[in-house]
Amino acid sequence: KSLLAEVERALAKGQIQPWFQPQLCTSTGRISGVEALARWLHPERGIVPPMEFLNALEESGQLDRLSEVMLQHSLTALRGWDATGIEIPRVSVNFSDVELRSPQLVERIKWELDRFNLPASRLGVEVLETVIAESPEGVVAKNITGLSRLGCQVDLDDFGTGHASITALRRFTVHRLKIDRSFVTRVDRDEEQRRMLAAVLGLADRLGLETVAEGVESVSEHALLAQLGCDHVQGFGIARPMPPDQLATWARAHA
Ligand code: G
Ligand code: G
Ligand code: NA
Ligand code: MN
């Protein structure tokens with residue numbers, strides 16, 4: 001049987017769900033948000049990472065079904081954390097370029113937020129830097145502006161690898177740059193790497209954008225990022241992505 005048929009069945013059965021990875025504010029040390037990352041909880045194969053099924057869904061034009069599931073599970077998790085007094089300011093969901101070209105995107109997200117009775121400020125949207133590098137005008141820009149007007153925070157993912165121009169950064173209403181893992185790795189041990197990172201953080205600062213470092217794997221990387229003025233940190237060194245109940249336990253212990 002084909003991978004696609006299997007993925008579709010898994011989606012329908014609820015086997016594909018978000019896990020959540022926390023982001024910490026470097027100045028307060030508190031949780032500033034969580035990123036929702038798709039996981040296929042396969043009955044035989046265990047946890048299947050998104051790289052193994054995203055392509056199949058994209059090729060068959062079904063990424064919108066994934067984001068529907070991701071959005072619904074993420075907002076459900078947020079309501080659950082709220083109900084038990086765990087402060088998670090925001091959950092961020094990844095949207096692919098395909099979805100960012102959907103004319104119904106903003107309406108769909110607004111409808112889900114209303115249905116869950118959550119303000120748009122509780123939802124973050126992660127878009128790849130390549131998305132704004134490719135299409136500075138048209139429906140993608142309209143959607144990003146629309147989401148921003150709605151009150152969602154827009155994060156530019158994998159920043160530094162996607163060749164977005166400074167002009168595009170200004171034209172699109174993005175709020176935060178997620179600095180790609182490749183700029184963060186070994187930053188505590190490599191002077192050249194540190195200069196690159198400082199340059200990216202300087203650029204973000206001048207443009208009035210907040211920064212999130214991805215792939216923070218050690219205490220010394222975390223400390224250096226804080227020292228260099230990076231606003232938020234995310235990575236295995238803080239916590240791995242985890243299911244909602246584990247995230248709750250982690251957040252409680254961390255508070
Ligand atoms: O979680 P992991 O490191 O395996 O994720 C690998 C890639 O898959 C990352 O680039 C991440 O942005 C992407 N990804 C994870 N979940 C989703 C999702 O729900 N939708 C989309 N479009 N991409 C996702
Ligand atoms: O492209 P995106 O930023 O969405 O990718 C997020 C992916 O990166 C997640 O799937 C997550 O599993 C992975 N990830 C998160 N933190 C770390 C880390 O500290 N090191 C590495 N190697 N991968 C990480
Ligand atoms: Na992401
Ligand atoms: Mn990224």
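Which residue in β8 is the bridge partner of R176? Select R176 and then E210, its bridge partner in β8. This is a predicted model, in which local features need pLDDT of at least 70, side-chain atom pairs count only at pLDDT 80 or more, and totals for chains, interfaces and linings use all residues. Residues are numbered from 1 along each chain as its sequence is written, while chains are lettered from A and ligands numbered from 1 in the order in which they are written.

Next, display strands β7 (176–179) and β8 (210–213), which run parallel and are joined by four bridges. Strands here are DSSP E runs of at least two residues, helices are H or I runs of at least four, and both are numbered from the N terminus; two strands pair if DSSP finds at least two bridges between them. β8 and β9 (232–233) pair in the parallel sense over two bridges.

Turn now to helix α12 (244–254) and select P244, L247 and A251, its buried residues (buried: 20 or more other C-beta atoms within 10 Å of the residue's own; exposed: 12 or fewer; C-beta atoms placed from the backbone). Seen down the axis of α12, these buried residues fall within an arc of 50°, so they line one face of the helix (the arc is that of the directions from the helix axis to the C-beta atoms). The face turned away from the buried side carries the exposed residues D245, T249, R252 and A253.

Finally, select ligand 1; the residues around ligand 1 include L37, P49, M70 and N94 (C-beta atom, placed from the backbone, within 6 Å).
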